[in-house]
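These are my notebook entries on a structure that I had not examined before. I record what I looked up, entry by entry.

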Amino acid sequence: MAIRNKKDFFAGILLLVFSGVMYRSSYSISSGLDFALGPTFFPRILLICVALGAMFLILVNIGFQQAARPAAEPLDKKTFFYRFCLVALTLAYIMVIPVLGYATATLLFLMPSMLLMGERTLKNCTQYAIIAVAITFGLQYIFSDLLNLFLP
Amino acid sequence: MFLDLDGTLFVLHPLTMLIMLAGVFGGLIIGAIPGLTSAMAVALLVPVTYGMDAKLGLALLVSVYLGAISGGLVSATLLNIPGTPSAVATTFDAYPMAKRGEAGKALAYGVFASFCGSILGFFALISLAPALGRFALRFGPYEYFALVVFTLTCIISIARGALVKGFISACLGLFLSTVGLSSTDGLPRFTFGTNWLQSGFSVMPVLIGMFAVSQILDDLQSLKKPVKILSGTFTLGEFLRVAINFKNSLWNMVRSALIGIGIGILPGTGSGLSNIVAYSQAKYASKNPESFGTGNPNGIIASETANNASVGGALIPLMTLGIPGDATTMMMIGAFMIHGIQPGPLLIRDHPDLMAVVVVSYLVSTMYMLLIQMGFIRVLIKALAVPQAILYPVIIVLCVMGCYALNSNMVDVWVFFGMGLLGFFMKWTGFPLLPLVLGLILGGMAESEFRGSYALGGDSLAGYLDRPIALIFLAVAVLSVATALYSARQAKKKTVP
Amino acid sequence: MRKIIVAALAFLVMASSAFAAYPEKSIQVVIPWGPGGSSDISARIVADKMKKYLPQPLVITNLTGALGLNGARQVLNARPDGYTLLWEHPGNLAVAPIVTKSDFRWNDLEPVCTVVRSDMVMIVPKDSPFKNAGDVFEAIKKAPGTVRWSIALNGVSHFAYLAMAESLGVDLKVILVPSPGDKARVVSMLGGNCDVTCVSYAAAEPYIKSGDIRPVAMVNSQRSQFAKDVPTLIEQGVNVTYDYLCAVFTTKGTPDEVREILAEAFQKVMKDPETIKALEAQSFTPDFKDRESTVKIWTEAATLYESLIKKYNLIK
């Protein structure tokens with residue numbers, strides 16, 4: 001027994017677990033008024049559909065012969081690193097906004113991420129710094145003054 | 001339909017023309033920025049119009065609306081991130097074209113298609129308005145539900161990847177729409193006792209998160225080789241050539257415009273939906289459907305024509321019945337009321353000048369849009385020569401701020417982030433993103449209309465048997481799934497020896 | 001010793017100046033609904049006319065979601081300095097926290113005053129056989145389960161229906177068609193998808209004027225000045241009233257002085273002829289009520305709704 005497509009297989013399992021968990025939690029929805037099928041009908045049907053689809057995926061990928069392996073993508077370490085960093089930076093940015101306020105957080109985010117992604121020459125660094133400041137305050141102006149939106 | 005002279009002259013007055021120009025320009029920018037939608041733009045401007053003359057305010061809102069819908073094209077083409085939900089289907093073919101170095105051409109197709117769609121919407125507005133408006137009212141819960149099902153099957157069948165995955169994706173999206181307070185019952189679902197999920201998942205953070213973040217993360221691959229995202233130049237001559245080429249896609253354009261107008265007229269649905277349906281129908285009708293998604297201009301034409309035509313479509317029920325055709329026109333109702341005008345069936349009779357203002361400013365804004373976009377295509381391409389290092393962080397900031405601005409709530413930003421990661425994983429495992437987003441958008445309507453039709457039918461589905469329109473939509477939906485399954489089977493047969 | 005006196009004096013000066021100078025910056029009015037809705041319009045009109053009576057402007061913010069509770073929560077958790085106000089009516093704020101099992105109730109907010117009244121009307125399509133409320137109830141009794149009544153579940157229209165059933169002592173068996181939002185219910189009626197419903201008069205007015213819809217009763221305690229020939233439910237023998245009264249709330253703990261300043265300003269603006277004119281153009285009636293009356297009205301409404309919820313088992 002072999003798993004034809006690892007990704008699909010695990011995705012299927014994940015989805016199955018997800019729909020199970022969600023289905024369980026749907027029991028805590030208070031349905032005092034069981035009006036027109038009640039609030040639990042729709043979500044439950046959908047979860048069942050997801051589960052069915054997931055099972056289909058799992059079954060399709062369990063074969064009894066070794067099917068041709070799709071070429072595994074070379075996991076470029078560098079790309080992974082960059083992605084991870086960007087994601088981490090963004091996460092930090094989002095967490096920090098309520099604490100430090102929009103302007104500071106944005107500045108703190110823009111500079112490192114630009115440095116991370118670009119060439120680190122002196123000329124570029126100054127360019128980044130100027131742009132970071134310009135964008136931060138430019139956006140602040142547009143959003144809060146022109147559009148009257150609240151920024152944290 | 002007689003156009004009131006007063007209203008027409010008002011629009012053609014230099015001050016109004018100037019304000020509308022600013023409106024279209026501003027609208028284009030807002031539309032291009034991922035996270036800011038036309039509904040938001042209009043909502044923000046409504047209070048601003050309070051101090052203005054009603055006619056001026058209306059003209060401004062119409063121009064911003066049109067601009068915003070058209071602006072989505074820009075970021076869709078150049079960044080593969082739809083600036084507004086109305087440009088989602090545009091990304092499918094515009095971005096691949098841009099990657100090939102044909103960004104200018106793609107934009108040209110988009111601009112011209114937007115223009116044509118707008119013009120056709122205009123004709124619908126002035127000629128068919130009242131009759132169509134009344135007809136649209138007959139759409140009850142049965143028809144709406146059937147339409148939703150149909151749209152979902154459209155999207156599942158055009159999405160990349162296995163049908164099963166598309167199906168799962170759509171179901172997940174529909175499920176996510178149930179999180180939060182049920183609109184039908186007012187009861188919290190899947191909130192796990194916290195407050196922050198009570199309003200559920202807003203569409204824009206999910207849309208932008210999935211598309212933008214996954215796009216950026218994807219593009220990071222080619223980072224260390226500083227590649228200009230897009231090259232290509234653009235001349236007026238090319239633009240004219242594109243315009244002339246349109247005659248080959250005439251039928252596509254007309255059909256997409258009709259779809260756009262039709263969906264726009266229906267209260268509650270608008271350009272966000274019509275671009276997808278139009279795209280799927282164009283692919284269906286095409287002689288080489290596999291080319292859709294690789295840079296077939298017909299995809300761009302379909303999407304952009306439809307979304308602009310929907311603007312005209314959505315204005316119809318607004319003006320003839322006082323019922324908003326979509327989210328943006330819903331905001332415009334506020335503008336009427338702020339000026340002490342009651343939108344309703346008597347609006348045209350009591351305020352003929354307003355109708356004229358809307359119609360004429362729509363036409364003028366269309367022209368503006370064409371001219372501005374034509375002029376700026378070259379500038380935009382150059383702008384995208386900005387190195388990725390600067391561009392992407394800025395985009396992230398814009399998205400984050402855009403999401404926050406939606407409801408002054410950090411929750412939306414977290415949703416953006418979370419959905420971004422989810423979107424990335426989905427792309428990585430081959431699950432199409434679009435059905436999920438569409439499921440989220442349509443889920444609320446799907447559920448409430450389904451339950452409404454169930455209740456109307458006396459707690460059963462018997463009501464459907466009396467509603468031919470609904471049955472037709474459902475039948476077409478089933479057919480399109482069946483055909484998609486069949487052609488997938490055929491394709492497999494070809495590859496397996 | 002001197003230091004203490006100076007400090008005390010300084011503190012007094014600061015404290016009194018803080019109150020005396022209210023408002024020093026713009027006041028945020030949170031509307032828990034989308035722009036263009038009836039709460040929104042009345043608030044914007046009042047806010048605009050308020051410029052004459054308060055040195056700082058009222059800035060309207062729409063914070064939608066969660067049945068209006070997002071907006072309520074914002075005001076609930078704001079600083080009790082009088083710079084954040086909520087604009088709501090009992091049909092919603094008294095009910096929603098109960099139904100959603102939230103951790104707060106309407107009286108966790110500080111009422112300032114009532115401001116505006118709008119009317120609620122019971123409507124039928126133009127070709128309907130019902131000429132008055134009595135006809136509707138007769139038809140329901142005669143043929144239970146066939147008349148289609150459109151409501152928003154757990155919303156004002158729903159409670160109006162339940163209250164009517166209560167007072168008639170009859171279980172009104174109808175097909176309840178869920179349709180959230182006044183506009184949606186009107187559209188559903190226009191499309192021939194429901195037979196009777198209750199909406200705010202402002203939402204129904206353009207269609208009544210154009211003849212597509214007919215009012216059969218007012219659900220207010222008195223006849224509406226905008227529809228003088230439409231009898232109220234009470235006149236027709238049904239003891240149900242719903243007075244759509246919009247009130248202003250602020251955060252609990254706001255100093256009394258600040259509240260008084262606000263209430264006074266609202267009272268003045270509601271007497272202003274321009275305000276009255278603008279509001280009436282949109283079918284609103286200025287109706288200022290002070291804090292005690294407001295609290296009384298809300299408590300009564302909340303009690304009624306709670307009893308209805310319990311009796312009809314709307315939540316478990």
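**Entry 1: a helix pair within chain B.** I looked up how H5(B) and H11(B) lie, and they are oblique to each other; angles under 35 degrees count as roughly parallel, over 145 as roughly antiparallel, 65 to 115 as roughly perpendicular and the rest as oblique. The axes of H5 (residues 88-127) and H11 (residues 250-265) of chain B cross at roughly 55 degrees and come within 10 Å. I took axes as lines fitted to C-alpha atoms, for helices over the stretch in contact, with angles from 0 to 180 degrees between N-to-C directions. Helices (H or I, at least four residues) and strands (E, at least two) are DSSP runs, numbered from the N terminus.

The crossing of H5(B) and H11(B) is right-handed; a crossing is right-handed if the near helix is turned clockwise from the far one by less than a right angle, and left-handed if anticlockwise. I found B:Cys116, B:Leu120, B:Gly121 and B:Ala124 of H5(B) in contact with B:Met253, B:Val254, B:Ala257 and B:Ile261 of H11(B), where contact means heavy atoms within 4.5 Å. By class, this contact of H5(B) with H11(B) has 7 nonpolar, 1 polar and no charged residues. Ala, Val, Leu, Ile, Met, Phe, Trp, Tyr, Cys and Pro count as nonpolar, Asp, Glu, Lys and Arg as charged, and the others, Gly among them, as polar.

**Entry 2: the basis of the values.** This is a predicted model, in which local features need pLDDT of at least 70 and side-chain atom pairs count only at pLDDT 80 or more, while totals for chains, interfaces and linings use all residues. Residues are numbered from 1 along each chain as its sequence is written, chains are lettered from A and ligands numbered from 1 in the order in which they are written, and side-chain values use heavy atoms, without hydrogens and water.

Entry 3: I next looked up H3 (residues 77-100) of chain A and H18 (residues 410-428) of chain B, which pack at about 165 degrees with axes 10 Å apart. H3(A) is therefore roughly antiparallel to H18(B). Their crossing is left-handed. The contact includes A:Arg83 and A:Leu91 of H3(A) and B:Trp414 and B:Phe417 of H18(B).

**Entry 4: A:Asn61.** I located A:Asn61 in the loop between helix H2 (38-60) and strand S2 (62-63) of chain A. A:Asn61 is buried, with a relative accessible area of 5%; buried means under 20%, exposed over 50%, and partly exposed in between (1.4 Å probe, protein chains only).
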